[in-house]
Amino acid sequence: MADVAAPEVLEARLEEYRTELTGYCYRMLGSAFEAEDAVQDTMVRAWRALDRFEGRSSLRSWLYRIATNVCMDALNAGNRRARPMDLTASTPVAQAQLTARPEATWLEPVPDGRVLPQAADPAEAALARESVRLAFVAALQHLPARQRAVLILREVLAWRASEVAELLDTSVASVNSALQRARATLAASRPARTDAVDPLDKEQKDLLDRYVAAFEAYDMAALTALLHEDATLSMPPYDLWLRGHDDIVGWMLGVGAVCRGSRLVATAANGTPAFAHYHPDPAGGFTPWALMVVEVVDGKVSGITSFLDVKRWFPLFGLPDRLGA
């Protein structure tokens, strides 16, 4: 057994890869919780098989091989996850109805810190954020599992074709063919572009500050001035989604008027800005309502996804379960 030390040392070495493996499994599975389960399964399998690890590959490559097998097994057992706009056409606000679908239907948000390792290279960090955007991960779900793994390993993680071929027990030619097919599928689905979170970008910070002020004041004129004309609003677990100023404002002044008086607390999800959305509580203070992921393109908001299952999302993101008055 090569490259192995005392159990506590080895455990620490395995843990060094947890964040990047979680990012890999999240891109594969589209679920934050399933990704964490997959990584835990990977670590357990690695620990149990340690006596068979002969050091012919790096510890990192070996872990990715195990994680890939875990994800392949999971994908063979279930449906791909999606966004509301992957399943239905946009609905005019006059015809809007809230129809819930099972939790396993939906692409899930993920905290940046769970899936994005610290990167010294700004370009590398930007690519990592880009690759966990909701639209990009949703597009990945259209790929067969093997093509998905090849594309992530080659284009997101920058593995060489020979390394991917070894991991998948296949040929370089097969890897290149799978990559070509995956690229063609992604090009056809055309995942929407989104500006990544940049804490040093003053223009983005000013936009988000104006967004918070407009939403908390429930000023629809100020809010729509910040939205692209074809901006979208969706609310998983409901399959309803709306497009454009008129339908979004119509919803927010109709059924959505319960959000008047809300408060937003900044966080980050999927490499993009996000907010914890709290409703006013008649008893005082504010209670959780949604995790709001905001997509920004060219200085305006292009999409708002409000994930409503706060019992799942707020603990995952480390958000308070209540705000005081």
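**Burial, contacts and backbone features of the predicted chain**

Leu14 counts as buried, at 5% relative accessibility; buried denotes under 20% relative accessible area and exposed over 50%, with partly exposed in between (1.4 Å probe, protein chains only). The model is a predicted one, in which local features need pLDDT of at least 70 and side-chain atom pairs count only at pLDDT 80 or more, whereas totals for chains, interfaces and linings use all residues. Residues are numbered from 1 along each chain as its sequence is written, and side-chain values use heavy atoms, with hydrogens and water left out.

Leu14 belongs to helix H1, which covers residues 7-15. Helices (H or I, at least four residues) and strands (E, at least two) are DSSP runs numbered from the N terminus. When neighbours within four places in sequence are set aside, the contacts of Leu14 are Met43, Ala46, Trp47, Leu59 and Leu63, a contact being heavy atoms within 4.5 Å. Between the C-alpha atoms of Leu14 and Pro191 there is a separation of 33 Å, the two residues being 177 residues apart along the chain.

In the chain as a whole, 15 helices and 6 strands are assigned. The C-alpha trace spans about 65 × 40 × 40 Å along its principal axes. Of the 325 residues, 47% are buried. Among contacts with a separation of 6 or more, 66% are made by residues 24 or more positions apart.

The accessible surface of the chain amounts to about 15200 Å², and carbon and sulfur atoms contribute 51% of this surface. Accessible areas come from the Shrake-Rupley method with a 1.4 Å probe, and for residues only the protein chains shown count as cover. There are 34 positive and 42 negative side chains, and the centres of the two sets lie 3 Å apart. In this count Lys and Arg are positive and Asp and Glu negative, while His and the chain ends are not counted; each charge is placed at NZ of Lys, CZ of Arg, CG of Asp or CD of Glu.

A search of the whole structure for disulfides (pairs of cysteine sulfur atoms within 2.5 Å) returns 0. For Cys25 the closest cysteine sulfur is that of Cys71, at 3.5 Å, which is too far for a bond. Cys71 is likewise in no disulfide. Cys25 is buried, with a relative accessible area of 0%, and Cys71 is buried at 0% relative accessibility.

Positive phi values occur at two residues that are not glycine, Asp169 and Tyr218. For Asp169, phi is near 55°. Asp169 is placed in the loop between helix H10 (161-167) and helix H11 (172-189), and this residue is exposed, with a relative accessible area of 62%. Tyr218 has a phi of about 50° and lies in the loop that joins helix H12 (202-217) and helix H13 (220-224). Tyr218 is buried, at 5% relative accessibility.

A cis peptide bond leads from Pro236 to Pro237, with omega near 20°. Pro237 is located in the loop between strand E1 (227-234) and strand E2 (241-243).
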